[in-house]
Amino acid sequence: MKKYLLPQEGLFYKANLHAHTTLSDGKLTPEGLKAFYQSHGYSIVAYTDHRRYAYHKELCDENFLALAAYEVDINEWPKRPGDFSHVKTYHINLYDCNPEQDAEEKRQRSPLPERRYGDTDSINRFVEEMRAAGFLACYNHPYWSLQTYEDYKDLRGFFAMEIYNHGCEIDGLFGYHPQAYDEMLRTGARLFCLATDDNHNAHPADSPLCDSFGGFVMVKAPALRYGDVMEALKAGHFYSSTGPAIEELTLEDKTLRVRCSPVEKIYVITEGRRCYYQVARPGETIAEAEFTLRGDEGYFRIDCRDGAGRHAYSNAYFLDQWL
């Protein structure tokens with residue numbers, strides 16, 4: 001029986017799930033950010049201003065969703081007073097699944113983690129409290145945050161983590177960190193991956209330092225409605241990208257099939273060292289591939305890379321759920 005890893009029904013909607021505005025340290029107003037992203041084909045933006053919960057309901061219409069969200073941080077005590085560049089930090093995005101519920105209370109008092117760096121158990125309790133309050137939690141940019149395996153290996157309760165962060169990539173090539181995602185998966189954590197912008201828009205759109213439009217998520221949902229999009233995120237009905245498109249992923253018995261936009265490489269990464277791949281000849285591209293799984297891979301995820309070095313990333317799929 002053929003199983004569709006991405007739903008057969010519904011439409012793909014382009015989303016940036018990490019964005020900052022003038023409500024924190026961004027340079028665009030919430031209204032300006034909507035116009036900026038809509039002009040580049042986006043239908044969804046999560047407004048994740050630092051320590052500032054906001055639901056911009058007035059920006060939502062039939063063609064655009066403003067997701068209610070905010071970003072919190074938990075910082076290590078600085079070894080060099082006044083020098084944040086050496087400070088380890090956890091940054092966590094919190095997405096509100098139902099902003100119409102207790103909306104005024106959320107606006108008045110956004111819960112912030114009163115936790116010390118290194119107290120992983122308390123961070124996990126905070127994430128669980130926020131899940132119970134109706135939020136999805138995403139673990140952000142571990143590379144930029146100066147974190148190692150010891151800092152994140154025991155984190156639990158997150159629905160996703162960033163595999164690519166465009167703003168961090170511009171800041172110092174800190175944006176691309178698939179190893180951290182695989183390491184989290186190999187600890188037994190089951191979570192999805194996101195490519196985001198984390199944009200602050202200090203530079204204009206035509207600047208090579210513009211931090212918008214570099215990492216995005218393609219959400220497949222029945223319609224562009226708040227509830228439908230949040231349910232799709234919860235279920236993992238999306239893929240992430242810095243350029244290429246994943247059009248279809250299916251699994252029939254142990255045969256995995258991938259259809260995508262033209263790329264140079266299609267890789268299947270697994271829990272162990274075994275990897276499957278198809279690679280185009282020099283100067284050519286491929287847009288589909290078929291792989292036979294053995295059944296002992298633990299999990300697999302697909303990474304499609306084009307000639308410009310841009311990636312499309314699937315979420316991890318665990319064989320005990322799909323075979």
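Serine 212 touches Phe36, Tyr37, His166, Asp197, Asn199 and Asn201, leaving aside residues up to four places away in sequence; contact means heavy atoms within 4.5 Å. The model is predicted, so local features need pLDDT of at least 70 and side-chain atom pairs count only at pLDDT 80 or more, while totals for chains, interfaces and linings use all residues. Residues are numbered from 1 along each chain as its sequence is written, and side-chain values use heavy atoms, with hydrogens and water left out.

**Serine 212**

- Serine 212 lies in the loop between strand 8 (192-196) and strand 9 (216-221); helices (H or I, at least four residues) and strands (E, at least two) are DSSP runs, numbered from the N terminus.
- With a relative accessible area of 6%, serine 212 is buried; buried means under 20% relative accessible area, exposed over 50%, and partly exposed in between (1.4 Å probe, protein chains only).
- The side chains of serine 212 and asparagine 201 make a polar contact at 2.8 Å.
- A polar contact is a pair of N or O atoms within 3.5 Å; within protein, one must be able to donate a hydrogen and the other to accept it, and residues adjacent in sequence count only if both atoms are side-chain atoms.

**Whole chain**

- The chain has 8 helices and 18 strands, and buried residues make up 54% of its 323 residues.
- A compact globule of 323 residues would have a radius of gyration near 20 Å, and the 19 Å of the chain agrees with this; the radius is taken over C-alpha atoms, and the globule rule is 2.2 Å times the number of residues to the power 0.38.
- Along the principal axes, the C-alpha atoms fill a box of roughly 50 × 45 × 40 Å.
- Of the contacts with a separation of 6 or more, 65% are between residues 24 or more positions apart.

**Strand 16 and its partners**

- In strand 16 (residues 299-305), 6 of the 7 residues are buried.
- Strand 13 (residues 265-270) runs antiparallel to strand 16 and is joined to it by 6 bridges; two strands pair if DSSP finds at least two bridges between them.
- Lysine 265 has arginine 305 of strand 16 as its bridge partner.
- Strand 18 (residues 317-318) is joined to strand 16 by 2 bridges, also antiparallel, and tyrosine 317 in strand 18 is the bridge partner of phenylalanine 300.
- Strand 17 (residues 311-313) is antiparallel to strand 16, with 3 bridges, and tyrosine 313 in strand 17 stands opposite aspartate 303.
- The hairpin of strand 16 and strand 17 has 5 residues between the strands, and glycine 309 in this hairpin takes a positive phi near 80 degrees.

- An open sheet is formed by 4 strands in the order 1-11-12-15, with antiparallel pairing.
- Strand 1 (2-4) and strand 15 (286-292) are at the edges with a single partner strand each, so one side of each has no neighbour in the sheet.
- From one strand to the next, the twist averages 20 degrees; axes are lines fitted to C-alpha atoms, for helices over the stretch in contact, and angles run from 0 to 180 degrees between N-to-C directions.
- Strand 11 (residues 246-252) and strand 12 (residues 255-263) run antiparallel and share 6 bridges; arginine 257 in strand 12 is the bridge partner of threonine 250.

**Helix 3**

- Buried residues of helix 3 include Ile123, Phe126, Val127 and Met130.
- The buried residues of helix 3 pack against strand 4 (65-75), strand 5 (89-96) and strand 6 (135-139).
- Glycine 134, which follows helix 3, has a positive phi near 100 degrees.
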